[in-house]
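User: Please take a close look at the part of this model where the two chains meet. I would like a connected account of what each side contributes.

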2 protein chains.
Amino acid sequence: MSGKVTIATVAHHAQVSRQTVSNVLNSPHLVREETRGRVLAAIETLGYRANQAARQMRTGRSRLIAVRIEPANDGINGSILDRFLHGLTEAAAPAGYRIMLYTATGDDNEIATYDDLLASYDLDAFVLTSTHHGDARTTWLAEHDIPFVTFGRPWGAPDRHPWVDVDGAAGTAEATERLIAAGHRRIGFIGWPTGSGVGDNRREGWYAAMRAADLDPSGLERRVDDGVAEGRRSAQDLLAGAGPTALVCASDSLALGALRADARAPVAVIGFDDTPVAQAISLTSVGQPLAESAASCVELLARLLDGDTHSGRPQHVLLRPHVVVRDSG
Amino acid sequence: MSGKVTIATVAHHAQVSRQTVSNVLNSPHLVREETRGRVLAAIETLGYRANQAARQMRTGRSRLIAVRIEPANDGINGSILDRFLHGLTEAAAPAGYRIMLYTATGDDNEIATYDDLLASYDLDAFVLTSTHHGDARTTWLAEHDIPFVTFGRPWGAPDRHPWVDVDGAAGTAEATERLIAAGHRRIGFIGWPTGSGVGDNRREGWYAAMRAADLDPSGLERRVDDGVAEGRRSAQDLLAGAGPTALVCASDSLALGALRADARAPVAVIGFDDTPVAQAISLTSVGQPLAESAASCVELLARLLDGDTHSGRPQHVLLRPHVVVRDSG
DNA sequence: TCCATTTGTTTGAACGATCCAATACTGCCT
DNA sequence: AGGCAGTATTGGATCGTTCAAACAAATGGA
């Protein structure tokens, strides 16, 4: 190896000053065509890469985006987080950003971690995944003027910050419409208790699709905590009552339970999230566009960080999920 | 906010020089007790945190560990990678390290990425997850003297680098012994084709446990590609032949398939990896100690990076997985 | 008493990039 | 020819930390 290649090495090789090399990289318009070519050639030849630490020390920006990775298997975790993370990493790289992970136990602890990360690493931005009602984290970040994006809408609260989310209602609506098109008329819904933004939203899509098709949704829904057992019990209950021929569920866990219910005739079931479980048991499920969501998060952040705040482009992105058809429905 | 707190701020506040503050942090034994107390108090009061970029520029070390996150849902990905990542992040933090993600398409591309990451970010080390026969990556890293640990043994190749792995044979052996203790005598095994280190290793545990209990394993095994359909077919095949009363499988996918096989009498099935799928369908499965594995990776790396190479402690860690008992076996 | 040794602390320089202000070089107008 | 605006390039200072070496004070032995 020829030792470290610094901006000085390049400058010497291209017969220009350090500053000119820096300009070629950061303000190309200031440099004459011919000079720029010479410098770029030298960079190529020497395999020069700007040292981030030095750049960061001067500019105060690290080109690092932090994402929390959670311990438990709930929320986005345990099923689709890795796909989201992969999407983030892949989208961030071409924009010159990298993803750094951190953990935290509880919101207060997470805020302490922010402080630490910001002071030690000069992080440029955060991506938050599991936002909830009255989230102290978004408040703190906003107060401290730290750029961030949430994957998930700020349910209830005014949306003062950029966010990306998946239109759950559109997903359950598509699932319901698909079942209607297949001839089903009594389509049930198994979802979570009223009050969770995500849960209410997914229920809404089913309800709207039923009404739009002039079908009566009354008596066809159950709201329970997430889980296979709960799904099974609810399905059993619905089948004994209103007798649906198909079920739309707010999660794959509920859907899996529904599939287990004893029914006279086969019941079509559609889950939500397209987790590995759905793939394994060939469950039709509403799949979130995770790669696209991640790319949108990066794009919003990049826009924020590059100071495009004045541009009128939207700070919010709502993406459509799509039904992944398998054997169950 | 009182602006940035640097080492100079602390030095001034504690009435000492910058270097003394630095010594308190990096070489405490050089500083007198009383002075150290004064400096630590100042650090506490001011909320000082060392700036990593500046430290990195001087020392050439970033305290950053890179991990590749893969796109596809195979290998460690898609099921347990997020738990491993969480473990890494959690174990790294107290040791003063952070986890950075990167992606790559293929080994060659990954090596190019190493070059990039090392030059731009001065990464301290890498953790590789899906090692395979004749892995070009380990060779490259070793040649360039980059510290790294693999999660997975270097099957076949001489183990010139530190690694952490889970003893698959011990896992299938425990599963087999458990079935034997439950009264089973004809216990089958469904695994992957001969030639994959991990697959052969998992098969070995079943085989050894059978022999140790004086049970004849002949005719009781099938080797097929991974997948639910393959698992089902193999199970069906075995049941029609040697007629096992229990099955040990090399993966949860195979086990799920095996559960689907039509059998006269109920067949006990044990899978491998304790994926979300196993949890969802209540499949007994051999669970890998992922948090512990991750912690071991960090420990080995920290040892490498802190220059403890002379110490005679082992460079290899083999951890025991354990059967997570559920309804299926 | 004096020098050698140890212990504790301070000073100046350096890491590699960018920002700033000053300078050299154009071409153009009067 | 001289002046002037605009462009291209230069050297020096700077970010916050650690390294290397110098310095000061305390200790110990002959």
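Analyst: What follows describes the contact between the chains and then turns to a helix pair within one of them. The model is a predicted one.

The contact between the chains involves 40 residues of chain A and 39 residues of chain B. On the chain A side, six elements each supply at least two of the residues that touch chain B: helices H4 (52-59), H5 (81-92), H6 (107-121), H11 (252-260) and H12 (276-281), together with strand E2 (98-102). The largest share, 6 residues, comes from H5(A). Sorted by class, the side of chain A that touches chain B consists of 20 nonpolar, 14 polar and 6 charged residues.

E2(A) is joined by 3 bridges to strand E2 of chain B, residues 98-102, and the two strands run antiparallel. Within this pairing, Leu101(A) has Ile99(B) as its bridge partner in E2(B).

The axes of H1(B), residues 7-14, and H2(B), residues 18-26, come within 8 Å and cross at roughly 105°. Angles of 65 to 115 degrees count as roughly perpendicular, and H1(B) and H2(B) are therefore roughly perpendicular to each other. From H1(B), the residues Ile7(B), Ala8(B), Val10(B) and Ala11(B) meet Arg18(B), Thr20(B), Val21(B) and Ser22(B) of H2(B). The contact of H1(B) with H2(B) comprises 5 nonpolar, 2 polar and 1 charged residues.

How values were computed: Residues are numbered from 1 along each chain as its sequence is written. Chains are lettered from A and ligands numbered from 1 in the order in which they are written. This is a predicted model: local features need pLDDT of at least 70, side-chain atom pairs count only at pLDDT 80 or more; totals for chains, interfaces and linings use all residues. Two residues are in contact if their C-beta atoms, placed from the backbone, lie within 7 Å. Helices (H or I, at least four residues) and strands (E, at least two) are DSSP runs, numbered from the N terminus. Ala, Val, Leu, Ile, Met, Phe, Trp, Tyr, Cys and Pro count as nonpolar, Asp, Glu, Lys and Arg as charged, and the others, Gly among them, as polar. Two strands pair if DSSP finds at least two bridges between them. Axes are lines fitted to C-alpha atoms, for helices over the stretch in contact, and angles run from 0 to 180 degrees between N-to-C directions. Angles under 35 degrees count as roughly parallel, over 145 as roughly antiparallel, 65 to 115 as roughly perpendicular and the rest as oblique.
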